[in-house]
Amino acid sequence: MSKRDELIAKYADDLRNKCKMEPDMALLTKVTIGCGPAIYNADSSTVAGTDPSELETVKKNFLMKKLGLADSPALMEAIDAVINTYGKSERNKYRAVIYYMLTKHFSKESVYA
């Protein structure tokens, strides 16, 4: 099993056990690949859920650039909702899991088609 496959399995486990949702493995794989080398770096593989600048980066670089969404208060509300689903007290909020849940939230699976 490759390192990426191990990480995808870990992300799927987080979605099942911490977020209480059954992952679409094909979409999760595509979102993980879309994160690029960031998933292999301890710092960039996670999202600091309490850091406003980090959340702004998720909004600008992922929601607006990658998913093509227009800037609005709904974007930050969605990020907050996803972080609450993941668990505010959860130390490791994996970027790929956050991006996966945001993709599902906005029904933007077509971006990864």
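A residue is called buried when its relative accessible area is under 20%, exposed when over 50%, and partly exposed in between, using a 1.4 Å probe and protein chains only. By that criterion, 40% of the 113 residues of the chain count as buried.

Colleagues, a word on the basis of these values. This is a predicted model, in which local features need pLDDT of at least 70 and side-chain atom pairs count only at pLDDT 80 or more, while totals for chains, interfaces and linings use all residues. Residues are numbered from 1 along each chain as its sequence is written, and side-chain values use heavy atoms, leaving out hydrogens and water.

I turn to the overall form. The chain has five helices and zero strands, where helices are DSSP runs of H or I with at least four residues and strands are runs of E with at least two, numbered from the N terminus. The C-alpha trace spans about 40 × 35 × 25 Å along its principal axes.

The axes of helix 3 (residues 52–66) and helix 4 (residues 73–86) come within 10 Å and cross at roughly 110°; axes are lines fitted to C-alpha atoms, for helices over the stretch in contact, and angles run from 0 to 180 degrees between N-to-C directions. Helix 3 is therefore roughly perpendicular to helix 4, a term for angles of 65 to 115 degrees.

Which residues of helix 3 and helix 4 make the contact? From helix 3 come Leu55, Glu56, Val58, Lys59, Leu63 and Met64, and from helix 4 Leu75, Met76, Ile79, Asp80 and Ile83, contact meaning heavy atoms within 4.5 Å.

Finally, residues 24 or more positions apart account for 63% of the chain's contacts with a separation of 6 or more.

Technical notes: Parallel < 35°, antiparallel > 145°, perpendicular 65-115°, else oblique.
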